[in-house]
Amino acid sequence: MIRSDIKARLERARHVCKVHGITQTQIAEDLAASQSQVSRILKGQGVKASRLAEEICLYVEKFDGGVTADSVRSNDELVNALTLTWDGSAAHAKALSAVIRSLSALGPLHGKAHAKGEGI
């Protein structure tokens, strides 16, 4: 059974796809998944919390003004990584923020969508 918070997030992702004309094929290509996997996840059919479900939500959220603070807080992998890495100081927070921002160049939206001249 899919958790209610994940289900709500996937419902929101489905809505954002419809509003912004994001296709399942586009998501699948950019995330190296199959269109049928993307379809099942967005419909919430027989899926559980998974890395691909998280990647789909993050991908779609970029089109709708970015990732929310709630989605960051609910990402256990990210929170655990920060907990293990951050020493609690303001200087360290600033340094980690700079590293994270520099990683945005590696994201899927900086590849195909920008190469095609599409805005986000």
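Modeller: Helices (H or I, at least four residues) and strands (E, at least two) are taken as DSSP runs and numbered from the N terminus. By that rule the protein chain has eight helices and zero strands, so that its elements run α-α-α-α-α-α-α-α from the N terminus on. The model is a predicted one, in which local features need pLDDT of at least 70 and side-chain atom pairs count only at pLDDT 80 or more, whereas totals for chains, interfaces and linings use all residues. Residues are numbered from 1 along each chain as its sequence is written, and side-chain values use heavy atoms, with hydrogens and water left out.

The contact (heavy atoms within 4.5 Å) is made by Leu 10, Ala 13, Arg 14 and Cys 17 on the H1 side, and by Ile 41, Leu 42 and Lys 43 on the H3 side. These residues divide into five nonpolar, no polar and two charged, where Ala, Val, Leu, Ile, Met, Phe, Trp, Tyr, Cys and Pro count as nonpolar, Asp, Glu, Lys and Arg as charged, and the others, Gly among them, as polar.

Leu 42 deserves a look of its own: leaving out residues up to four places away in sequence, Leu 42 touches Leu 10, Ala 13, Arg 14, Cys 17, Gln 24, Ile 27 and Ile 56. Leu 42 is also one of the buried residues of H3, together with Val 38, Ser 39 and Ile 41; buried means under 20% relative accessible area, exposed over 50%, and partly exposed in between (1.4 Å probe, protein chains only). The cover over these buried residues includes H1, helix H2 (24-31) and helix H4 (51-63).

The view then widens to the interior. A nonpolar core is a set of buried Ala, Val, Leu, Ile, Met, Phe, Trp, Tyr and Cys residues joined through side-chain atoms within 4.5 Å. The largest one has 20 residues, and those with the most contacts inside it are Ile 22, Ile 27, Val 38, Leu 42, Ile 56, Tyr 59 and Val 60. The elements giving two or more residues to this core are H1, H2, H3 and H4, and H4 gives the most, with seven residues. In soluble globular proteins, nonpolar side chains tend to be buried together.

Ala 32, in the loop between H2 and H3, has a positive phi of about 55 degrees although it is not a glycine, and with a relative accessible area of 74% Ala 32 is exposed. Just after H3, Gly 44 takes a positive phi of about 70 degrees.
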